[in-house]
Amino acid sequence: MFYRLSGVYHSSLISDSRMFKVPADRNLAVFLLLIGLAAPFILPSLYLNSYILPWLIWTAAALGLNLVTGWAGQLHLGYAAVMAVGAYSAIHTVRLGVPWEIALIIGGLAASVIGSLFAFAALRVKGLYLALTTLAMQFVMDWVLTHSPTISGGSHASLQAPTLALLGQQITSDAGYYYVALGWCVLVTIFMLNLKRTGLGRALVAVREKDFAAAILGVNSFYYKILAFAASSFIAGVSGALLVATFYFLAAPEQFSVNVSIQVLAMVIVGGLGSIIGSYFGVALILLVPGLVNGLVVTASEELGMQVNVETLAHIPNAVYGALIVIILMIEPLGLGKLYGNIRDYLMTWPFDQLRK
Amino acid sequence: MTTLSNKPILECTGIERRFGGIVAVTGVDLVIQRGEIFGLVGPNGSGKTTLTNAITGFYPPNEGTVRLAGKNITGTAPHKVAKLGVARTFQNLALFNGMSVLDNILLGRHIHMHPGVFRTAFYWWAARPEEVENRKIVEEVIEFLQLESIRYELVDGLPIGLKKRVELARALVAEPQMLILDEPMAGMNQEEKGYMSRFILDARDERGVSVLLIEHHMDVIIGICDRVLALNYGEMIASGIPKDVVKDPRVIEAYIGGSHG
C-alpha cells in the first residue's frame, strides 16, 4: 500500500541500474534530502548543531568503516586513529596557510596512506588476528599523538582549528556548519549507493565471501583489500577533519582514542554490516539514544516525584542503551538496516501479500 | 561442427604435486586441443581436483609445466590465470551468498571491466557505459542458460541444480578459452544432467570454448567427451576415446576392484 510495485517496469538496462529501482524509495530519499536542506529553518540551532550535525558527520564516518568491514569484510578496530590522522593533517595544513578545500583533501590522503598501512596487516592476517593488529595500531597512534608536541601540542593540550572557509566564504554560522556536514554526508552516501551497483562493490563482496572463488574470476584480493582500506581511510580522514572544524573546534587526542574506534564499530554493527540506511540508524542509536534516555529518565523521575541520586541517573541511560543494543542484535543480527528492510519488503506488496513469490 | 585444430589450448607435461609426504598427482601429461571436450575421470582421491588446482594456480605443481595456448603459465597466481582466459567451476559450489544471481554472474565479467574508486564516485560518466555493455553480455548468457526467471533472486536459497547452472553462467560470461568444470553434475537427477550436458555441448559449439570436464557419471563422459584421461592414485592409467577408456581393465579395476580384490 505504501510502496507500489505495480506498473514499475524497467525497459532498459540503464533504468534497471538506477540507484533506487522503486519510485517510492527514490521519492522518500528526495523527501528526506529536502527536509535535510530545510532543517536550519525548522529546528532550533541548539538541536541542529548539537545533535543533527554530529549525527551526519558520524554517519559519513560510519559509512567509511562499513566499506571496509561490511563490504570487504575486514574487521577494523583502529578507525578513530585514521580519523585523527585526517583531522590533525588537515588542521596543520590550514595553519600553514593552505585553503581548507585542499587541506581537507590532504587530510583525507594522509589518512589514506596511514590507513593503507593497516591494510598491509590485513593482507597477512584474517579475522580476530586482524582485529588485534588494527587495535595495536590504534594504540601506536594514540601514543604518537600524546607524545609528539609538534602534532597535538602534548598529552593534555588541544589544537585550535582555524575558522572553516570554503569557496572563499568564512563559515561561522550554525547553519553554515550544518550544511557542510550535510554536504559531506550526502556525498559519502551517494558514493556508497554507487558502490552497490558497480564492479568495485561486487569485487569487495566477492573478497569478503569467498576469496578463492574471487581469485578464479580474476579478482586480486590483495589489491581490493588495500583499495577498501585506502578508500575508507580517505572518508575517515575527511570526516575527522570536518568533525573538528564544525563540531569540536579543538582537536585533542582523546577525541580519537580506542573507545571511539569501538563506538564507530558498534554503530556499523548495530546499523547492519553492508547496509547504508543502517549506518544512519546505527549512528542515531549510539549517538543520540543515550541523551534521549537520560532526558526520559529525568522527566519520569520528576513526574513520579522520585528522588533519584545523580550517580544512578548517570548509569541508567547507559544500562538502557546497552540493553537496547543487545535486544536489537538478538532480534535481527544484521542490525537496524535489516529490520528496516524487512518492514519495507513487507509493505512492498501489502495488503496483497499473496502476490509475493 | 567444430574443427579440431592442431594447436593445443592446454598442455600439461610431467605434472607432480605433493602435500608433505603425500604425492597427490605425479607424471601427468595432458594435451587438450582447441574446441575439445576433454573428460577427466578417476575414483575419489585420485587427484582430479588437485590437477585442476595445479593448472589454475591454487596449488602450483612441484614439477612439470602447464602451457596455455603455448604460453607457460606454471605457478601463475589464480587471478592472473583467470585473466589469461581460464574459467572454472568448483566441486562444492563457490557462489557468493548474499548477492543476487545477476550480481554473481556479473562478477564473471570482472576481468573485462575496470572497477575503481573514481569510476564508482563518478558512476554516471565513468562506470555506467561499461556496466551496461557488460550487462548485455551477461543477459545473453542468462538467456542461453535459461536463468531469466531467477535473475534478481539471492543465490542462497536456490536448489543445487540451479546453483550449478549459475556457476556455469558465471564462468561462461568471462568468455574463457578454457573452461574447467569440476563435477558440474554432482547431485543432479537424470533430467538436470541432460540439460547440463546440452549446455556444455552448446557452449563448445556456439562459443568455441575448450572444456576440461571432471565427472563421475560415465554416461555423460561417454556421451559428450571427445577424449578421456583416467587417473588413479595420482597417476595416469588410461587415455583415449571414452568408449575404449571405460573398457580398459585398469580403469575397471580402479573403480570396482580387480578379480583378486
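1. The model is predicted: local features need pLDDT of at least 70, side-chain atom pairs count only at pLDDT 80 or more, and totals for chains, interfaces and linings use all residues. Residues are numbered from 1 along each chain as its sequence is written, and chains are lettered from A in the order in which they are written.

2. Chain B has ten helices and ten strands (DSSP runs, H or I of at least four residues and E of at least two, numbered from the N terminus). The radius of gyration of chain B, over C-alpha atoms, is 19 Å against 18 Å from the globule rule for 261 residues, so chain B is as compact as a globular protein of that length. The rule is 2.2 Å times the number of residues to the power 0.38.

3. Of the 261 residues in chain B, 43% are buried (20 or more other C-beta atoms within 10 Å of the residue's own, with C-beta atoms placed from the backbone).

4. The contact between the chains takes 34 residues from chain B and 25 residues from chain A (C-beta atoms, placed from the backbone, within 7 Å). On the chain B side, H2, H3, H4 and H5 each give two or more residues. H5(B) provides the largest share, seven residues.

5. Helix H9 of chain A (residues 199-209) has ten of its eleven residues buried, so it is largely enclosed by the rest of the structure. Its buried residues, among them A:Leu200 and A:Arg202, pack against H3, H8, H10 and H11 of chain A, together with H3 and H4 of chain B.

Conventions
A residue is buried if 20 or more other C-beta atoms lie within 10 Å of its own, exposed if 12 or fewer, and partly exposed in between; C-beta atoms are placed from the backbone. Two residues are in contact if their C-beta atoms, placed from the backbone, lie within 7 Å.
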